[in-house]
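Welcome! Take a look at the model first, then read on.

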Amino acid sequence: MRDNWHSDDAPPARGARSIPWRRWSIALHRDVGYLAVALTIAYSISGIAVNHIADWNPNYRVTKTLVTVAPIAMTSEEGIVPNVMKRLNLTEPPRSSFRPDTSTVQLFYKGTTYHVDLPTGQVIVEATQSRPVLFEMNQLHLNHAKRAWTWIADVFALALILLAVTGLFVLKGRLGITGRGAWLTAAGCLPVVYWLIFLR
Amino acid sequence: MTTLRTLAAAVLLVAVAALPAQSQAKNYGKPLTLKEKTPISAILKDPHAYHGKRVQVEGTIVEVCEERGCWINIASDKPFEKIRFKVDDGVIVFPLDAKGKQAIVEGVVQVNMLTKEQAMAQAKEMHKERGTLAKFDSTKYTKDVMDVQIKGDGARVQ
């Protein structure tokens with residue numbers, strides 16, 4: 001059976017050498033596709049995650065636990081943090097502390113913040129942990145790294161454009177861009193057209 | 001095959017180079033340019049005097065925007081005071097683990113008046129987000145509130 005994909009690469013009728021553009025297009029589509037697999041998956045997963053940022057935190061898992069200790073005396077400003085540490089059995093000194101108001105103190109540790117209500121002894125222990133893998137994917141997707149990653153992301157975006165365009169010409173015939181492919185491509189354009197007309 | 005391997009290695013090297021270096025101090029956004037720091041307490045004492053002026057302030061980060069990392073609250077040099085340093089979404093993204101670290105930030109002071117309804121709605125939202133210990137007290141909002149923040153474009157966190 002004749003290879004439907006490469007029928008354009010048959011020797012030109014007039015004898016002149018022409019560029020086997022379909023073969024190049026398919027080769028580009030194939031190789032760029034291989035190169036783009038990892039980032040496409042990473043960016044897609046991250047895209048779903050950050051789309052729902054109103055419902056959840058895609059980067060961090062923040063847990064808040066309420067514990068109660070005995071009320072802590074506010075004898076002197078300098079004594080408050082050591083007293084809180086003692087009451088909470090914290091041996092390491094905090095990174096820093098803050099008094100948002102006269103009855104509250106916050107102790108900042110790496111990954112954990114203690115919000116302490118001194119008169120009642122109620123403490124919110126806020127633990128923050130980055131979501132493994134997803135955090136890194138989001139960093140790349142949203143280009144937090146800046147610098148050279150901006151260029152890598154640009155190259156990746158160009159690769160996606162190339163994949164989309166070359167993908168149109170992989171098949172010939174009734175399944176290709178002149179047949180079924182045209183309808184599917186048009187259907188894929190509908191969300192963009194809808195946005196341009198109704199949502200912009 | 002060798003070409004492919006070389007290409008893969010090159011891509012990996014560039015990717016590693018693109019990742020931020022793990023150093024003590026980390027710079028965000030534009031470089032800091034001002035030579036002198038302004039005490040946060042001075043800005044909060046007379047906000048209108050600083051409205052529209054570019055300032056550099058320093059203090060402990062006491063809060064970070066959980067959703068987008070697009071603002072931090074910085075403790076003042078005086079107790080019970082803090083100021084918000086706001087950046088455009090995505091331009092700078094402060095990590096949540098910056099809490100408790102020292103920050104030097106630079107930007108323009110903005111003074112806005114919030115109606116009591118706006119102030120109450122904002123405080124209610126913050127209260128809900130933070131899950132703080134105290135009950136939300138709507139009776140505290142009886143008049144318009146002055147909102148002072150620094151709209152920034154550069155920061156150093158250490």
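Where is the kink in helix 1 of chain A centred? The kink is centred on A36(A) and amounts to about 50°. Please keep in mind that this is a predicted model.

**The bent helix**
- Helix 1 of chain A covers residues 21–51, which makes 31 residues.
- A straight helix would reach 45 Å at 1.5 Å a residue, but the end C-alpha atoms of helix 1 of chain A are only 38 Å apart.

**Its partner in chain A**
- Helix 4 of chain A, residues 147–168, has an axis that comes within 9 Å of the axis of helix 1 of chain A, and the two cross at roughly 140°.
- Helix 1 and helix 4 of chain A are therefore oblique to each other, and their crossing is left-handed.
- On the helix 1 side of chain A, the residues that meet helix 4 include L28(A), V32(A), L35(A), L39(A) and A36(A), the residue on which the kink is centred.
- On the helix 4 side of chain A, F156(A), L160(A), L163(A) and G167(A) are among the residues in this contact.
- By class, this contact has ten nonpolar, five polar and no charged residues.

**Where the chains touch**
- The contact takes 30 residues from chain A and 23 residues from chain B.
- In chain B, helix 1 (2–18) and strand 2 (54–64) are the elements that give two or more residues to the side touching chain A.
- Helix 1 of chain B gives the most to that side, with four residues.
- The side of chain B that touches chain A has 13 nonpolar, five polar and five charged residues.

Notes
Residues numbered from 1 in each chain as written. Chains lettered and ligands numbered in written order. Predicted model: local features only at pLDDT ≥ 70, side-chain atom pairs only at ≥ 80, totals over all residues. Expected span 1.5 Å × (residues − 1). Bend = angle between axes of the 7 residues up to and from the residue. Axes fitted to C-alpha atoms, helices over the stretch in contact; angles between N-to-C directions. Parallel < 35°, antiparallel > 145°, perpendicular 65-115°, else oblique. Left-handed = near helix turned anticlockwise from the far one by under 90°. Contact = placed C-beta atoms within 7 Å. Nonpolar A, V, L, I, M, F, W, Y, C, P; charged D, E, K, R; others polar.
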